[in-house]
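Dear colleague,

I am handing over the structure below, and would be glad if you could look through it alongside the notes that follow.

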Amino acid sequence: MTSAPTSSVSPYANGRYAKDAFVLQQLVNKDFKLRYRRSVLGVVWSVLNPLLMMIIMSFVFSYFLRGSNVENYPLYLIVGNITFSLMNESTSAGLRSIIDAAPLLKKVRVDRWVFPVQKVFSAAFNFSFSLIAVAIVMLFFRVVPTWHLIWMVPALALLMVFCVGISLLIGALAVFFRDVIHLWSVVLTAWTYLTPIFWDLSLLTNSSAPWFVIAVVKANPMYNYIEMMRCAIVYQSSPEPMVVALAAVWALAVLLVGVTVFRKTEHKFILYI
């Protein structure tokens with residue numbers, strides 16, 4: 001009986017899933033190092049960026065446009081902004097993950113799903129530094145966290161599953177249709193304005209907006225993930241059961257679609273990349 005060949009990826013990675021986990025870890029580390037290479041402030045930018053955006057947008061929408069009467073509006077804004085940015089960053093990177101990994105895929109035998117998933121993990125790792133900015137805002141406005149902070153865990157877990165599903169889907173489609181790359185930027189722009197990031201849902205309900213407009217906003221996946229995060233940090237209350245249910249349904253449904261499309265097309269990737 002011949003022994004199984006040793007993986008060429010790492011002498012410590014034994015077995016298929018161990019090798020994938022090792023590659024995933026290495027790719028996340030590589031992305032993190034490349035992101036802050038030759039940067040003076042380095043990872044501090046992950047804290048400064050959401051803080052600066054919060055200050056600018058709070059000033060604009062609180063005074064110039066009178067966009068919201070939400071209590072602790074700066075905290076409301078930064079939580080919504082970093083949560084949406086997590087989705088934006090992970091899916092935008094996942095979109096090109098297979099195309100950009102072409103040189104490696106042609107040389108090393110590794111499961112292709114690793115690359116879209118790695119982009120989501122990298123974005124989540126960067127997101128963790130943004131939470132420092134949230135903590136700073138909470139300290140500044142003397143917002144004391146409560147046990148409801150635990151809702152961040154299911155909110156982020158479901159959001160990451162959702163992002164993995166999207167990354168698998170659009171990452172696979174972009175290999176065959178490069179127009180998806182340009183289309184996704186348009187989708188993200190429209191999605192940004194459809195999601196209550198810098199405005200509050202009460203602006204629609206108080207202005208007697210048509211019911212279907214409010215229904216579309218509430219059905220928006222990112223509304224539900226952001227609402228769960230705001231319940232944990234800003235409102236300090238448990239989210240409504242419908243919000244949690246929609247967040248879970250969206251995550252599982254998109255993951256199922258993403259995995260299905262990816263599995264059915266991945267054997268053809270090498271012909272198009």
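This is a predicted model: local features need pLDDT of at least 70, side-chain atom pairs count only at pLDDT 80 or more; totals for chains, interfaces and linings use all residues.

**How H3 and H6 pack**

The axes of helix H3 (residues 73–95) and helix H6 (residues 114–140) come within 9 Å and cross at roughly 170 degrees, where axes are lines fitted to C-alpha atoms over the stretch in contact and angles run from 0 to 180 degrees between N-to-C directions. H3 and H6 are therefore roughly antiparallel to each other, a label given to angles over 145 degrees.

Residues are numbered from 1 along each chain as its sequence is written, and side-chain values use heavy atoms, with hydrogens and water left out.

**H6 and the whole protein**

The 27 residues of H6 should span 39 Å at 1.5 Å a residue, which agrees with the 40 Å between its end C-alpha atoms, the expected span being 1.5 Å times one less than the number of residues. After H6 comes Arg-142, with a positive phi near 55 degrees.

The protein has 13 helices and zero strands, these being DSSP runs (helices H or I, at least four residues; strands E, at least two) numbered from the N terminus. Of its 273 residues, 46% count as buried, that is, under 20% relative accessible area with a 1.4 Å probe, protein chains only.

Notes. Angles under 35 degrees count as roughly parallel, over 145 as roughly antiparallel, 65 to 115 as roughly perpendicular and the rest as oblique. Buried means under 20% relative accessible area, exposed over 50%, partly exposed in between (1.4 Å probe, protein chains only).
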